[in-house]
Amino acid sequence: MATKPVPPRPAPRLYLATPPVDEPAQLAAALPELLAAADVAAVLVRLRESDPRSMISTVKALAPAIQSAGAALLIDGHPDIVARAGADGAHLGGIAAMDEAMPSLKPDRIVGVGGLATRHDSMAAGEAGADYVLFGEPDAKGQRPSPEAIAERLEWWDELFEPPCVGFATSREEAEAFAAAGADFVLVGEIVWSDPRGAKAALVEIGEAIARAHAGTFGTAKAEG
């Protein structure tokens with residue numbers, strides 16, 4: 001009997017983090033063209049601290065542009081406003097925050113988690129039902145592991161665990177490395193918004209670089225294996 005061919009592994013998709021937002025009009029106007037230009041699976045909305053009503057209004061102003069493009073809208077923190085804002089989920093920092101938010105978000109909303117300093121924390125998040133784990137984001141002091149350490153953690157996770165893993169990239173080179181390491185998604189933020197050529201050009205370039213890195217690592221070799 002002929003062996004069924006293994007379907008090709010899909011390339012990592014982009015996960016776009018916004019700058020901190022309190023006046024959403026300009027971003028809401030820019031998002032449709034931006035999300036149409038690249039394969040963006042989700043947008044992480046970072047909110048400036050304010051009262052709940054104002055933050056909910058900000059998310060609601062951004063939601064149509066994001067969700068109509070087929071991308072999920074996640075809020076960075078603030079799990080208490082996810083449902084009222086019409087968001088698809090929340091990204092949380094650490095196991096304790098995830099455990100606290102789980103009852104209000106599951107099973108209808110996405111729960112992502114970062115701030116996972118150790119492999120044990122990462123496994124605990126996966127076992128507790130996280131929909132993805134994020135590696136490589138800066139801590140409260142702005143420190144983060146080396147790109148090599150982040151890639152190693154992504155590779156370890158990809159080989160052993162089922163939930164998707166996300167690599168936080170601060171450069172195109174990091175995005176390529178994390179795609180080659182087995183990331184399911186690559187989170188980008190400041191490198192897109194600060195690019196002098198504009199966010200669209202940056203996002204397209206990173207998306208193409210991710211696709212090339214993925215094909216070079218998982219293309220022919222994986223298909224033949």
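Predicted model: local features only at pLDDT ≥ 70, side-chain atom pairs only at ≥ 80, totals over all residues.
1. Let's start with α1 and α9. Helix α1 covers residues 25-37 and helix α9 covers residues 199-218; their axes lie 9 Å apart and pack at an angle of about 20°. Angles under 35 degrees count as roughly parallel, so α1 is roughly parallel to α9.

2. On handedness, the crossing in which α1 passes α9 is right-handed.

3. As for who touches whom, α1 contributes Glu33, Leu34 and Ala37, and these meet Ala199, Lys200, Leu203 and Val204 of α9. Sorted by class, this contact of α1 with α9 holds five nonpolar residues and two charged ones, with no polar residues.

4. Now for α5 and α6. Helix α5 runs over residues 119-127 and helix α6 over residues 147-160; the two axes come within 12 Å and cross at roughly 40°. That angle makes α5 oblique to α6.

5. Which hand does the crossing of α5 and α6 have? The crossing of these two helices is right-handed.

6. The residues are worth a look in your viewer. On the α5 side, Arg119, Ser122, Met123 and Gly126 make the contact, and on the α6 side the partners are Glu152, Arg153, Trp156 and Trp157. By class, the contact of α5 with α6 has three nonpolar, three charged and two polar residues.

7. To put the pairs side by side: α1 is roughly parallel to α9, whereas α5 is oblique to α6. The contact of α1 with α9 has no polar residues, while that of α5 with α6 has two.

Definitions and conventions: Residues numbered from 1 in each chain as written. Heavy atoms only, no water. Axes fitted to C-alpha atoms, helices over the stretch in contact; angles between N-to-C directions. Helix = DSSP H or I, 4+ residues; strand = E, 2+ residues; numbered from the N terminus. Parallel < 35°, antiparallel > 145°, perpendicular 65-115°, else oblique. Left-handed = near helix turned anticlockwise from the far one by under 90°. Contact = heavy atoms within 4.5 Å. Nonpolar A, V, L, I, M, F, W, Y, C, P; charged D, E, K, R; others polar.
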